[in-house]
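Q: Please take a close look at one part of this protein: a salt bridge and the residues around it. What holds the two sides of it, and how open is each to the surroundings?

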Amino acid sequence: DTGVAERMRRHNLDKVYDTYRYFGSDQIGVAVLDNGVLPERVAYLSAGSSSFQIAGYFSAPFDSGYEFDGPHPMPYDVYGLPLLIPPLESHGTDQSANVFAIAPKSNRLSVRAANFMLLLHPNHTEGVTKAIIAVADNPDIRIISMSMGNVFYSHQIKRAIDYFNSKEKIFVAAAGTSIKGIR
């Protein structure tokens, strides 16, 4: 993927490979908390010498007709808006692909924690909190990469992150990095 390769060069990650010959390890599990992965791209993400799994902790909104909607983006997410703007629908898939590009030998877990990268609804906060706690208790996962959030402070999510960090694991978060103009 030339886009991923260019992004890696821009952030000097290619120098990490050249200097340390490090491409991740199957002893390191990385969970990507986002809106899930598109099923048709899972085969690509499971390539390499490590494992790829999916999970979902987001409970569907009451008006969707579903109690639990699984690990993949759904057509009704945010009233169908991501279907009109494809990068919104594929955000979790793209973030999982980035982790694969950076550490292809690491074990990866894609987690649907909310249905949108901007945590706007209370069930988004609930899904993210449940996902962080579940991943904290997963002995195979050492790192969370989360590319979602908002401008408001959440004590609930902060407590979940504190719990995750108490397990001597690493939590990395980025917000606003994929929406041009608000970086």
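A: A salt bridge is counted where a side-chain nitrogen of Lys or Arg lies within 4 Å of a carboxyl oxygen of Asp or Glu. In this predicted model, the side chains of Arg41 and Asp94 meet that rule, with N and O 3.5 Å apart. Arg41 sits in the loop between strand E1 (29-34) and helix H3 (42-45), whereas Asp94 belongs to helix H6, so the pair ties together parts that are 53 residues apart in sequence.

Thr93 has 0% relative accessibility and so counts as buried. Beyond its neighbours within four places in sequence, Thr93 is in contact with Gly36, Val37, Leu38, Arg41 and Leu45.

Another one joins the side chains of Arg112 and Asp77, at 2.7 Å from N to O. This pair also links distant parts of the chain, with Arg112 in strand E3 (residues 107-112) and Asp77 in the loop between strand E2 (52-56) and H4, 35 residues apart. Here Arg112 is buried, at 0% relative accessibility, and Asp77 is buried as well, at 2%.

Definitions and conventions: Residues numbered from 1 in each chain as written. Predicted model: local features only at pLDDT ≥ 70, side-chain atom pairs only at ≥ 80, totals over all residues. Heavy atoms only, no water. Buried < 20%, exposed > 50% of the residue type's maximum accessible area, 1.4 Å probe, protein only. Contact = heavy atoms within 4.5 Å. Helix = DSSP H or I, 4+ residues; strand = E, 2+ residues; numbered from the N terminus.
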